[in-house]
Amino acid sequence: MGGGNGQKSRMARERNMEKQKAAKGSQLESNKKAMSIQTFICTTTEVKCREHAEAKHPKSDVYACFPHLKK
């Protein structure tokens, strides 16, 4: 008969590992995230960048968040 919980768990781990291997090869998600950040930087004024940095990242320097503001 066989097929106890230990075997089911092992098979599930192996399936999940295969799924993770396939997912690591795709760059689509990271590309989408990079595009949104680039769009934000290109279309936002210096004032808005400073407001964002002060509101969302108060412990960080403005230039750490937006290095393109350095002159």
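Let me start with Lys-48 and Glu-51, whose side chains meet in a salt bridge with 3.9 Å from N to O, a salt bridge being a side-chain nitrogen of Lys or Arg within 4 Å of a carboxyl oxygen of Asp or Glu. Both residues lie in helix α3, three residues apart, which is about one turn of the helix; helices here are DSSP runs of H or I with at least four residues, strands are runs of E with at least two, and both are numbered from the N terminus. Lys-48 is partly exposed at a relative accessible area of 48%, and Glu-51 is partly exposed as well, at 41%, where buried means under 20%, exposed means over 50%, and partly exposed lies in between, with a 1.4 Å probe and protein chains only.

Before I go on, please keep in mind that this is a predicted model, in which local features need pLDDT of at least 70 and side-chain atom pairs count only at pLDDT 80 or more, while totals for chains, interfaces and linings use all residues. Residues are numbered from 1 along each chain as its sequence is written, and side-chain values use heavy atoms, with hydrogens and water left out.

How many salt bridges does a search of the whole structure find? The search finds three. Helix α3, which covers residues 46-56, also holds Glu-46 and Arg-50, four residues apart, and these two form a salt bridge whose closest N and O atoms are 3.0 Å apart. Glu-46 is partly exposed at 31%, and Arg-50 is partly exposed at 27%.

In helix α1, residues 5-24, Glu-14 and Arg-10 are four residues apart and so separated by about one helical turn, and their side chains meet in a salt bridge at 3.1 Å, N to O.

Now to the nonpolar side. The largest nonpolar core has five residues, namely Cys-49, Ala-53, Val-62, Phe-66 and Leu-69; such a core is a set of buried Ala, Val, Leu, Ile, Met, Phe, Trp, Tyr and Cys residues joined through side-chain atoms within 4.5 Å. Leaving aside neighbours within four places in sequence, Val-62 is in contact with Arg-50, Ala-53 and Leu-69, contact meaning heavy atoms within 4.5 Å.

Finally, the whole chain: the protein has four helices and zero strands, and 8% of its 71 residues count as buried.
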